[in-house]
Amino acid sequence: MKRVLVTGKGGQLATGLAESLPALGFEALLVGQPEFEFDQPATVEAAFRDAAPDAVINAAAWTAVDAAEDDETGAFRANAIGPELVARLCAARGLPLLQVSTDYVYDGRKGTPYSEDDAPNPLGAYGRTKLAGEWAALAVNPKTAVFRTAWVFSAVGRNFVKTMLAVGAQRPELRVVADQHGNPTAAPDLADALAGVLARIRDEGWRDAHRGVFHMAGGGYASWHEFAEAIFAAAAPFGEPRPVVHPIATHEYPMKATRPADGRLDQRKLHAVFGVALPPWQQGLERVIRALHP
Ligand SMILES: NC(=O)c1ccc[n+]([C@@H]2O[C@H](COP(=O)([O-])OP(=O)(O)OC[C@H]3O[C@@H](n4cnc5c(N)ncnc54)[C@H](OP(=O)(O)O)[C@@H]3O)[C@@H](O)[C@H]2O)c1
């Protein structure tokens, strides 16, 4: 197993995979819009023909959580129908598929970290469409592993870290939600972990235990408020300003989509099955802050 087709070129995760996969001996074949477009199935089929992959990582997705509320059909095409086609093409070729998903499939009301056996109950359109994509990928391709991740950030694209640094450069005081909890996840660490999973599959062959759902996110937990404070602390040595961050409640910062209040992910299954674990999220944050200050 050598050639890995990676969808979502230009996205946070795919950019990380472009480095992580070669580091473990894989060839990363990245495809992205407009040449690769879920809404045009012929482009997806062509990508499989051209790449002739040995495995596939589907990192492409509609990730705009609030915009999905206004166009659930569009989000469904990218997050469910697209993965279904990718899985079908994988099944026809006998390829392993790593499908990336989200903690937003949970309603966040459990009160303790979620395990993969807990029932999903998405609160919004993004979570619903991603859950449909999980089901489709698992139903259509027997060699599918789904990885639910959370709060992804990196030096590229739009994410909470870059937003905080941009806003913090303009305002001496910020208000950030303190009653939502999750796993901040550095995209380069996520990419390393996915490459590690694929290396395991390459080395030991596909096993029944590889099929199913796994949690894969930064180690440890935080609120958005704690995460924001950590961002400014990590960036201060690089000359970034250090604004005061006031904790607020979710209802004080209304957004279109309802987010799970507590989407913390227990990741023991990932380690037990694949021998993979991400570093603590604070280490991932330092890695990304360094990348933002070359
Ligand atoms: N970001 C997060 O906080 C987060 C949290 C939990 C889970 N996840 C999951 O993690 C995975 C990677 O996310 P990410 O943060 O790397 O996302 P990202 O930076 O938004 O990248 C997603 C990529 O998908 C592409 N894409 C969107 N619609 C498409 C379509 N119809 N056809 C083909 N490509 C399309 C985008 O292309 P364009 O840029 O050209 O539109 C982009 O390159 C996704 O499965 C996501 O659901 C992300």
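Start with the lining of the largest cavity, where helix 5 supplies the largest share, three residues. Helices (H or I, at least four residues) and strands (E, at least two) are DSSP runs, numbered from the N terminus. This is a predicted model, in which local features need pLDDT of at least 70, side-chain atom pairs count only at pLDDT 80 or more, and totals for chains, interfaces and linings use all residues. Residues are numbered from 1 along each chain as its sequence is written, and side-chain values use heavy atoms, with hydrogens and water left out.

**The cavity**

Select V65, E69, Y104, L123, G124, A125, Y126, G127, A257, T258 and P260 to show the lining of the largest cavity. On a 1 Å grid over the protein atoms alone, a cavity is a set of points where a 1.4 Å probe fits but cannot get out, and lining residues have an atom within 4 Å of a point. Its volume is about 50 Å³, counted as the space filled by probe spheres set on the points, which are joined across faces, edges and corners. Helix 3 and helix 5 each give at least two residues to this lining. By class, the lining has seven nonpolar, three polar and one charged residues (Ala, Val, Leu, Ile, Met, Phe, Trp, Tyr, Cys and Pro count as nonpolar, Asp, Glu, Lys and Arg as charged, and the others, Gly among them, as polar).

**Aromatic pairs**

Next, show the aromatic rings; the whole structure has 13 aromatic pairs. Rings of Phe, Tyr and Trp (its six-membered ring) pair if their centres lie within 6.5 Å; planes under 30 degrees apart count as stacked, over 60 as edge-to-face and the rest as tilted. Select Y104 and Y126: their ring centres are 6.1 Å apart and their planes stand at 85 degrees, so this pair is edge-to-face. Y104 is in the loop between strand 4 (97-102) and helix 5 (125-140), and Y126 is in helix 5, 22 residues apart. Both Y104 and Y126 are buried (under 20% relative accessible area, with exposed over 50% and partly exposed in between; 1.4 Å probe, protein chains only).

Now move to W151 and F227, a stacked pair with 6.5 Å from centre to centre and 20 degrees between the planes. W151 lies in the loop between strand 5 (144-149) and strand 6 (152-153), and F227 in helix 8 (residues 224-235), so the pair ties together parts 76 residues apart in sequence. W151 is buried at 9% relative accessible area, and F227 is buried at 1%.

**Charges over rings**

Which residue lies over the face of F26? R202 does, at 4.4 Å from the ring centre. Then go to Y221, where the charged end of R264 sits over the ring, 5.4 Å from its centre. The test is that NZ of Lys or CZ of Arg is within 6 Å of the ring centre and within 35 degrees of the ring normal.

Methods: On a 1 Å grid over the protein atoms alone, a cavity is a set of points where a 1.4 Å probe fits but cannot get out, and a pocket is an open set with protein on both sides within 12 Å along at least five of seven lines; lining residues have an atom within 4 Å of a point.
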